[in-house]
Structures are given as structure tokens and as C-alpha cells.
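Subject: Handover of a structure and its findings

Dear colleague,

Please find the structure below for your own work. The findings follow directly after it.

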Amino acid sequence: MIVAGASVQGTAHLAAGQGCQDAFKAIDLGDTAVLAVSDGASSRDRSALGAHIAVDAACRLLTEDVPDAGEPPEAWTRWIAGRGQRVVEEYLRAVSGVLGTEPGVLGAEQGSADSGAAEPGALAATLTAAVVAPPWVAFVSIGDGFGTLLTRDDRCHLVLPPPSGPPVFLSSPGAALRIRTFVAWEPELGGVVLATDGCAALTLDHPSVRQLGPEAGPLPAERFFLGLAATLRQNHGDAEPLRHRLSGPEAGRTGDDLTVLCALVEGG
């Protein structure tokens, strides 16, 4: 597979003297790739560390016991649901080590995700992860990241749209019950792209662009995703054009950090 990603510090963070609080990690296993992106809560001083803990935990756990491509949908669904729970547990365990607290206490108190530096909210982070094992893709998500599936005939599907409502983090109370997991089967799979919410202005279109009503929700910007896939295939995964695109004026409209990570099927 062709695996490439980039993170860029948001203009608002740069102006405020804040570092990039996004993180990403990928593991290329040849015929399978594991992708993870995380967005640290901008109001938390240690959220960048929380984001790195999140992607490390996801990539480690999502490489274990991956079902075979020939397994039935139920096997994939059970596996990713179990992995999602394990990712939350591992994140909280790692955070407890950083904070010097008991793992069972983390996330147990209402409001702990928004409390002080000695509680898990100090490392609050979202997570969007995917296991790409054609024709299967398995997703794990908590928070406002999103995922797009590409097909070999140049179609884009926003299979994991950004949720509405207040932000949710891995450190939020009840996170293990709020994490989203699901699988997609696509025999014409061409690739998967994950992004943090700072990329929405660059990578998502309002439904009115395609003469649709607002109830249709955001749509993947084909010019971005198909252009990215074509460029990465031509340059064999060199992420510099992607980093340049994320640093451009159009990408900086929200001022937030931006992260994009993708896996493209060879020959797709």
C-alpha cells in the first residue's frame, strides 16, 4: 500500500504560541494498513501528549488478531467492537501512568474531562482510526474526526462523517460506551483517508455545492481527495505536496491544526 500523512500547525495556534496538538501514526503491514489520527483539545496544555498516546494505543491494538479477508461480517464487527473498547482502556491506562493516578479512577467522575491538570482531561484527545484490509475497512472513532473511502472508479464516500453535538474525548466519562466502531466492505476499494476536524473547510463540501438540501450533510470534496490520491500514486507516497496543501491559505481558514493520513491500495 501507499501510506502517507502530514500534520500542520494551525494559524491560530501559531499566533498564540501553541504547538501542534494533532498526532498521527500508521503501520504498513503490506496487504493491510493501520491508520490513526488524533486531535488534542486546544484548551488543554498536555493534550498533544494525549494525542500521541491515543494513536500509539490504536495502532498497537489494531494490528493484533486482524480477521482474514474471507471472514464473515460478524467476525469483523465483533473484532473491531472489542478493539475499540481496548483502545479506550489502554489510553486511560497510559494516561494514569503519566498522571500517577489509579486507572480505575480515570473517567469515573462527571466533568473529569474538563477538570484540572491531575485528571485525564488534561490529556483530552479525540481518535479516528482505521484498519484497511481490502476489501474490508474497520473504523474506530471518538470525537470529531472523519473518514473517507475512495474507490477504484474515482468515487468518494464520507463513510465516517464528523458528528454533531458537544465534543467527546477519550477521557470523557463513559468514553468506552460512546466510541463508534463499524466495518465497510468494498470490493472496489481504492483507499481510505482520515482527517482531523481542522481539515473540514478544505476537504468537505456543503451539500448546496451539489444542489442538495442541508439535510444531506457534508460531502467529500472530490477535487481534494481524488487530487491527493493521484498525486501520491504519481510520487510514490511523498507527503510533501500534502503538507504544502495543508499549509495553504484555503486550509487555514479555521486556524485549527490540520492532519490528513491515508492508505491507497496499490494499483487502485
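A search of the whole structure, which is a predicted model, finds four aromatic pairs. Rings of Phe, Tyr and Trp (its six-membered ring) are paired if their centres lie within 6.5 Å; planes under 30 degrees apart count as stacked, those over 60 as edge-to-face and the rest as tilted.

Trp76 and Trp136 form a stacked pair, at 5.4 Å centre to centre with 20° between the planes. Trp76 belongs to helix H3 and Trp136 to strand S5, so this pair ties together parts that are 60 residues apart in sequence. Helices (H or I, at least four residues) and strands (E, at least two) are DSSP runs, numbered from the N terminus. Trp76 is buried, with a relative accessible area of 0%, and Trp136 counts as buried at 5%. Here buried means under 20% relative accessible area, exposed over 50%, and partly exposed in between (1.4 Å probe, protein chains only).

Phe139 and Phe182 make up another stacked pair, at 4.9 Å centre to centre and with 20° between the planes. This pair links distant parts of the chain, with Phe139 in strand S5 and Phe182 in strand S8 (residues 180-185), 43 residues apart. Phe139 is buried at a relative accessible area of 0%, whereas Phe182 is partly exposed at 25%.

Ser141 is buried, with a relative accessible area of 0%. Leaving aside residues up to four places away in sequence, Ser141 touches Leu127, Thr128, Leu160, Ile179 and Arg180; a contact means heavy atoms within 4.5 Å.

I turn next to the charged side chains. A salt bridge is taken as a side-chain nitrogen of Lys or Arg within 4 Å of a carboxyl oxygen of Asp or Glu, and by this rule the count comes to seven.

In one of them, the side chains of Arg83 and Glu64 meet at 3.0 Å, N to O. Arg83 lies in helix H3 (residues 73-99) and Glu64 in the loop between helix H2 (47-61) and H3, so the pair ties together parts that are 19 residues apart in sequence. Arg83 is buried, with a relative accessible area of 10%, while Glu64 is partly exposed at 31%.

Glu90 and Arg93 form a salt bridge of 2.6 Å, N to O. These two residues are three apart in helix H3, which means that about one helical turn separates them. Glu90 is buried at a relative accessible area of 16%, and Arg93 is partly exposed at 45%.

Asp205 and Arg223 also meet in a salt bridge, at 3.0 Å, N to O. Since Asp205 lies in strand S10 (residues 204-205) and Arg223 in helix H6 (residues 222-234), the pair ties together parts that are 18 residues apart in sequence. Asp205 counts as buried at 9% relative accessibility, and Arg223 as partly exposed at 49%. Salt bridges that share partners join Arg60, Glu90 and Arg93 into one network.

For the chain as a whole, there are seven helices and 12 strands. Buried residues make up 50% of its 268 residues. Of the contacts between residues at least 6 apart in sequence, 70% join residues at least 24 apart. The chain exposes about 11,300 Å², of which carbon and sulfur atoms supply 53%; accessible areas come from the Shrake-Rupley method with a 1.4 Å probe, and for residues only the protein chains shown count as cover.

A word on confidence is also in order. The mean pLDDT (the predictor's confidence in each residue, from 0 to 100) is 87 for the chain, and 86% of its residues reach 70 or more. Over residues 105-117, pLDDT stays under 50, and the model has 28 contacts for this stretch beyond four places in sequence. Where pLDDT is low, the predicted coordinates should not be read in detail.

Residues are numbered from 1 along each chain as its sequence is written, and side-chain values use heavy atoms, with hydrogens and water left out. As this is a predicted model, local features need pLDDT of at least 70 and side-chain atom pairs count only at pLDDT 80 or more, while totals for chains, interfaces and linings use all residues.

Yours sincerely
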